[in-house]
Amino acid sequence: MHSVKLVPCELTTEPIVTGSSVLGVQCADGVVLACDTLASYGSLARFQRVTRFHQPAAGVVIAGGGEYSDLQQLFRITDNVYRQEFCHEDGWELTPRALHQYLSRLLYARRSRLDPLYNTVAVAGKGRFLGMVDMYGTAIETNLVATGIGTLLALPLLRKRWHEGLTMDDGLACLEDCLRVLYYRDCRALRTIQVAKVSDSGETFISEPYDLGNLQWKVAHAVTEKLMI
Amino acid sequence: MAGVGSGYDLSTTTFSPEGRVYQVEYAVKAVEQSGTVIGVRCVDGVVLAVENLRSTKLLQPNSLRRVFAVDRHIGIAIAGIGPDGRQMVSRARSEAQNFRNVYAEEIPPSLLAERLASYAHVYSLYWHVRPFGCAILIGGWDETSGPCLYIVEPDGSGYKYRAYANGKGRTAVRTALNKLNFDQLTCADAVSEIALMIHQSRDIAKDKPYELEMAWISEVCDRQFARVPMSLISSARQRAELEHQQMEGDASPGADAAEAAGTNVMEES
Amino acid sequence: MFRSQYDTDVTTFSPQGRLLQVEYAMEAVKQGSAVVGVRSSTHVVLATLKRSFSDLAWHQRKIVSIDEHIGVAISGIAADARVLTKRMRDECLQHRFVYGSAMPVSRLVNVIADLCQKCTQRVSRRPYGVGMLIAGVDETGPRLFQTCPSGEAYDLIGMALGSRSQSARTYLERHDEEVSSATREELIRHAVAALRETLASTRDLTLTAENCAIGVVGVGSDTRFHLYEYEEVQPLLDACSLESSPLQSASAGGADPPAADPEATDDATMQDAP
């Protein structure tokens, strides 16, 4: 008789190479996403110029934080989904909303298998779509997205600055300010960033990496002192 | 109705005394009965075309497709039993995706053809399955060698072709294909040549109405699979019909004479 | 009857390259009672004739709804149809779960067609002996498909399956242009008229609220597939029993023709406003 042995096994319990916060804002004429280009190895700023953006099809951009290899896998999976759509040719369109739902199902299924993809992803798309999914499969459609430590540091700022009729350019300026704050405070952040814009009609633009200007370190000592009190 | 290889032709696992596998040959018969299917490799791409026979006017125009996208750079046209062909197409799609997942590259059409040939071959080996009743034309763009055309037949063989035709009108079309100058032929030329070939291969009195279904993978469309624009197809078809009429007109006295001669012979006998 | 030696299993091709077992499975579709499907540019209508096997038996259901936007009429082996329709429901649910939206009809049809094909290539399973008319609405508008035991699927503007369905097909082919531009009410009348053609040989059988069911789906307020049965179907039948004559004489662009028919005046009130 052949007996089945149950071998205890351990799946990934923590991410290794990680990206930090992703920010997104829904504006009056489209959606803007922004994040830095760093993939840290623990506390080491290991890969400083990697993109965390992906455009699987016209009018859709996804950006993510967390385990970078899992993020690459997510990008490949979305590519496959869109390739299948290309082949179907049946007039059905995989909308950004449908992709968002797909990713939430995927991440939820993985976490239910106790083998999660360690990512938080933001989805931006035409028709002013903005949503995010975390590694547990929690899917939220919202006008403001901030992941990782950005939830604590950037979201309050974004909420304060956001108003009806915010243009994409204003939105972008707002995100840059938030990334500046994150660069000051988040030890896994970088001043090199990338932004993506998706207009209402689906025109998509992903910028080359560029450095944040106007950095102001004069008050740094005060911050430290204050913290030490 | 008894088959030529009576007794030896009931299963793919049976050889006839002459060393033939009749069941596979019968599968080829299924291919030969389909509407004409043509694939042509041109200098700037590859064109796949199907004479899509319409059995009833209740069919939605441009439906019942026989040409499918497999990946962004590969398409497949089916000659023979449609559902069997679709099965091959879904296999091809998963092969293409599989390759990409492993190598992070597009599958070379040659490799896809090889894998599909193996797939078809497996179905010609066992008693509990039957061979595919279809031949498939794989048109694709190869990173290194450019446009290419491969054929996988029901017996599991795969060949590379410059141009290929199968189905009802294959004999006439193959003759016509041999006359093409492949060193200069562009996809746009091929579209009108194919329209003419298909039109000429038909028996207007007997054959069902048809639609021309065409797709290409060419420079024009970024080396991606795309349907040939309907306007291009219909103008090619109109030209073909016109040209055919003119040729008929030129040839008609002779044809009449031949027909008259034919009836005479009949009467004498 | 000549008995072919090539017709006992699906893995045997005849010398002509035909698959006789699959063709026999297609015959099973013709054994069922008639079902008709018609499609206009806005709606799809299914009309079915239900049989009862005994006076004590209920009439066999011929239309099942699959999802909010899709309904199916079946002809052939009902048990096979149950397997396929269950699969279709699962597929639609799966699509909703994954993409959060309704499944495109053509995609669903392809899944079922591929499933049917698989049963035609190996001896371990016989082909499904059922033909289906699949009516639905999606982003591309109203759609009507037919699936076969062979694994073929047709995209259609009208079709009839089941016993004596040829006369209904002839009716649909003759009226194809009127059908495609028909309003919802006209379309129902065309479907019923086509279904009636299949009754021609049996004088005593007429369409009643018991033996007829009609399914409607379309754009606008009809995006939900609705099945009219029993008391609900009676008004539709009454509207149609104004007789097919005014309908047939109406030209494609002609006005809606509830023309005065003395016998049916009291039924005229049942006519739905377009």
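Two strands are taken to pair if DSSP finds at least two bridges between them, and in that sense a hairpin joins E3(C) to E4(C) through two residues. The model is predicted, and for the complex the predictor reports an ipTM of 0.89 together with a pTM of 0.89.

**Confidence and overall make-up of chain C**

- The pLDDT of chain C averages 87, and 85% of its residues score at least 70.
- Over residues 244-274 of chain C the pLDDT stays under 50, and for this stretch the model has 33 contacts beyond four places in sequence.
- Chain C contains nine helices and ten strands, and of its 274 residues 46% count as buried.
- When contacts in chain C between residues at least 6 apart in sequence are considered, 65% of them join residues at least 24 apart.

**Strands E3, E4 and E5 of chain C**

- Strand E3 (residues 63-67) of chain C pairs with E4(C) in the antiparallel sense, over four bridges, and within this pairing Ser65(C) stands opposite Gly71(C) in E4(C).
- E4(C) also pairs with strand E5 (residues 130-138) of chain C, again in the antiparallel sense, over seven bridges; here Met132(C) in E5(C) is the bridge partner of Ile74(C).
- Strand E4 (residues 70-76) of chain C is largely enclosed by the rest of the structure, because seven of its seven residues are buried.

**An annotated stretch of chain C**

- According to an unreviewed UniProt entry, the annotation "domain: Proteasome alpha-type subunits" covers residues 6-28 of chain C.
- In the model, residues 6-28 of chain C are 39% helix and 0% strand, with the end C-alpha atoms of the stretch 19 Å apart.

**A five-stranded sheet in chain B**

- In chain B, five strands form an open sheet in the order E8-E1-E2-E9-E10, with antiparallel pairing.
- The edge strands of this sheet, each of which pairs on one side only, are strand E8 (163-166) and strand E10 (224-227) of chain B, and the twist from one strand to the next averages 10°.
- Within the sheet, strand E1 (residues 37-41) and strand E2 (residues 45-53) of chain B pair in the antiparallel sense over five bridges, and Gly39(B) stands opposite Leu48(B) in E2(B).
- Helix H5 (residues 187-201) of chain B packs on the sheet, where it touches E1, E2 and strand E9 (210-218) of chain B, and the direction of the helix makes about 25° with that of E2(B).

**Contacts between chains**

- Between chains C and B, 30 residues of chain C are in contact with 28 residues of chain B.
- On the side of chain C that touches chain B, at least two residues each are supplied by helix H3 (105-118), strand E7 (153-156), strand E8 (158-161) and helix H4 (165-174) of chain C.
- Divided by class, that side of chain C has eleven nonpolar, 13 polar and six charged residues.
- Between chains A and B, five residues of chain A are in contact with six residues of chain B, and the side of chain A that touches chain B is made up of two nonpolar residues, one polar residue and two charged residues.

Methods
Residues numbered from 1 in each chain as written. Chains lettered and ligands numbered in written order. Predicted model: local features only at pLDDT ≥ 70, side-chain atom pairs only at ≥ 80, totals over all residues. Contact = placed C-beta atoms within 7 Å. Nonpolar A, V, L, I, M, F, W, Y, C, P; charged D, E, K, R; others polar. UniProt positions renumbered as here; feature names shortened; annotations may be inferred. pLDDT = per-residue confidence, 0-100. Axes fitted to C-alpha atoms, helices over the stretch in contact; angles between N-to-C directions. Buried ≥ 20, exposed ≤ 12 C-beta atoms within 10 Å, placed from the backbone.
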